[in-house]
Amino acid sequence: MTVETVEAAGRRRGADLLVEVLRSEGVRYIFGNPGTTELPLIDALTEAHDIAYVLALQEATAVAMADGYAQGARRPAFLNLHTAGGLGHGMGGLVNSQVSGTPLVVTAGQQDLRHALTDPLLMGDLVAIADPVMKWAREVTSPDQIPVLLRRAFHDCAAAPSGPVFLSLPMDVMEAMTGVPAGETSTIDQRAVAGSLDRLADKLAAVAPGRLALIAGDEIDSSDAAAQTVAVADLLAAPVYGSSWPAHIPFPTAHPLWAGNLPTRADGIAAILGRYDAVFALGGKSLITVLYTEGSAVPAGTEVFQLSADVRDLGRTYATSLSTVGDIRASLDALLPLLAPRLADRAEAYARLRAEAVTAQAERRARLNAAADAAFADPVIAPLVAAREVARAVGAQTTIIDEAPATLTHLRTFLDSPSTHQYAAMRGGVLGWGMPASVGFSLGLDRAPVVCVVGDGAAMYSPQALWTAAHEKLPVTFVVINNAEYNILKTYMKGQAHYASVRANRFIAMDLTDPAVDFPALAASMGVEARRVTRAGDIAPAIEAGIRSGKANLVEVVVRAT
């Protein structure tokens, strides 16, 4: 009698089946930091030469790397964390991913369920821990469930509204044998065209030339609708504002109609939107505020129109004259031919507005450069100057990852690129995203050069990313903007005249001194070449040399404190 082998019977471990499914879903990288409960997966990767494990030295770093990869590659990323403790370490980064709507399949190894009754070490309720920041979370209880649940996870994390989902992977399930097939990847067209587009075209055309503004939300990036957004803006000759707290700038910053990002206070947003009779918001969550001010961000008398794939955000905070649900790219493709004939009789007025925008842009850039020139020779580098020199060195094409509050606003004003994918920032408000995200972006962009601009405070949340960048031999230039303080906090406190801190000129826990952080030494300890810059004229040459090197490097730029 012939004895049938496990291989011949088509049976394999749950971990091996999981790798089969990952391969069929096009996964190239697994981001993580392994522990005991993840070893079945690590073992299954031994012969999986087409899937690389990207090692992070801490789970929060692994989360941000996966987040950056998903945004750069424009596809879901696969993340594997270490049971309850590792999931806990990664929670701050997962908050960022939830707010940004990053499509992540998040997994964590779970203890062997056969001795869960004895409360073993490394056991935890992973589903309950993960649930608050996930679209959904569940535990796999049989290897036979792996194909359905894993493919469901890949689909659901990318479906609007996108965001992370979670699977707990018990060790015994990953070691158990199964004969179920891996199945096949589904093809799902999610680009639904919005309804009421003829009504929307009527309403937009009814707004007088020059009295309508567009708000370019992050959803334009995920929908790959930048070209359509430009076409609508050009047709209406409407200024385009970016989100107040963006993950991306999905409109070309070199375009004359680009008006910059909105401020983060409701009164500041209202002051801008009050110049217009109506605004057309593409994508949701574009008017995020940080500090409280009296009044609405949308002033009375300003009509709001919205287009988003996320029905939950339509009319959520501000009353709208018309909101419609649909994929932005597909919907704008359908809207444009409806809108064009309705505007034809005012072609000259729109042409005049477009010409005025060109002149205004040139004047705006001249004022910015004059201000930077005036401060260029200051003994300590001004943040405005540092931002101008970083933008000049990076140029129009290289991807920028930004988590440097001291220069962030300035840097955005100096960007001058035809690309709509050049810039990305941390949207969730949890520090430590920028450095590891830049590693993920480079991998997602097929190891293309990336420049990460990061504040000294933010850099200390995830410096482990330096090691992974060096280990993976990635061309990432880390630019640390060092003012030796938590600048954004101190600036806010100095604006509060009633604070005792202001009267005493004493700001507790906001100075990174005594001792100072030695960033070149920190970088060197992780295999990354570094240099410190203290003169404005040396910033651009140092960054340009870092990009040309083709490998991980760090440039510390010492700037003026508050």
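**Figure 1. Contacts of Phe-280 in the predicted model.** Leaving out residues up to four places away in sequence, Phe-280 touches Leu-200, Leu-204, Leu-212, Ala-213, Leu-214, Ile-215, Phe-305, Gln-306, Leu-307 and Leu-335; contact means heavy atoms within 4.5 Å. Phe-280 and Val-557 are the residues with the most contacts inside the largest nonpolar core, which has 72 residues. A nonpolar core is a set of buried Ala, Val, Leu, Ile, Met, Phe, Trp, Tyr and Cys residues joined through side-chain atoms within 4.5 Å. Buried stands for under 20% relative accessible area, exposed for over 50%, and partly exposed for values in between, with a 1.4 Å probe and protein chains only. Helix H15 gives the most to this core, with eight residues. A second, separate core has 45 residues, among them Ala-56, Val-106, Met-134 and Phe-166. In soluble globular proteins, nonpolar side chains tend to be buried together.

The model is predicted: local features need pLDDT of at least 70 and side-chain atom pairs count only at pLDDT 80 or more, while totals for chains, interfaces and linings use all residues. Residues are numbered from 1 along each chain as its sequence is written, and side-chain values use heavy atoms, with hydrogens and water left out.

**Figure 2. Crossing of helices H3 and H17.** Helices (H or I, at least four residues) and strands (E, at least two) are DSSP runs, numbered from the N terminus. The axes of H3 (residues 59–73) and H17 (residues 434–444) come within 6 Å and cross at roughly 40°. Axes are lines fitted to C-alpha atoms, for helices over the stretch in contact, and angles run from 0 to 180 degrees between N-to-C directions. The crossing is right-handed, meaning that the near helix is turned clockwise from the far one by less than a right angle. H3 contributes Thr-61, Ala-64, Met-65, Gly-68, Tyr-69, Gln-71, Gly-72 and Ala-73 to the contact, and H17 contributes Pro-436, Ala-437, Val-439, Gly-440, Phe-441, Leu-443 and Gly-444. By class, nine of the contact residues are nonpolar, six are polar and none is charged. Ala, Val, Leu, Ile, Met, Phe, Trp, Tyr, Cys and Pro count as nonpolar, Asp, Glu, Lys and Arg as charged, and the others, Gly among them, as polar.

**Figure 3. Buried face of helix H23.** In H23 (residues 539–549), the buried residues are Ile-539, Ala-540, Ala-542, Ile-543 and Gly-546. Viewed down the helix axis, these residues fall within an arc of 165°, so they line one face of H23; the arc is that of the directions from the helix axis to the C-beta atoms. An α-helix has 3.6 residues a turn, so residues three or four places apart point the same way. The buried residues pack against helix H15 (383–394) and against strands S18 (476–482), S19 (529–533) and S20 (553–558). Gly-550 follows H23 and has a positive phi, near 75°.

Figure 4. Asn-487, Lys-490 and Met-493 are buried in H20 (residues 487–494).

**Figure 5. The loop between helices H21 and H22.** Val-517 lies in this loop, between H21 (500–504) and H22 (519–525), and is partly exposed because its relative accessibility is 27%. Apart from residues up to four places away in sequence, Val-517 touches Met-460, Asn-482 and Leu-512.

**Figure 6. Surroundings of Asp-313.** Asp-313 sits in the loop between strands S13 (303–308) and S14 (322–325). With a relative accessible area of 11%, Asp-313 is buried. Neighbours within four places in sequence aside, Asp-313 is in contact with Gly-284, Lys-285 and Gln-306.

**Figure 7. Backbone at Ser-196 and Ala-237.** Ser-196 is not a glycine, yet has a positive phi of about 60°. Ser-196 is in the loop between strand S8 (177–178) and helix H9 (197–206) and is partly exposed, at 31% relative accessible area. Ala-237, also not a glycine, has a positive phi of about 50°. Ala-237 is in the loop between helix H11 (226–236) and strand S10 (240–242) and is buried, at 4%.
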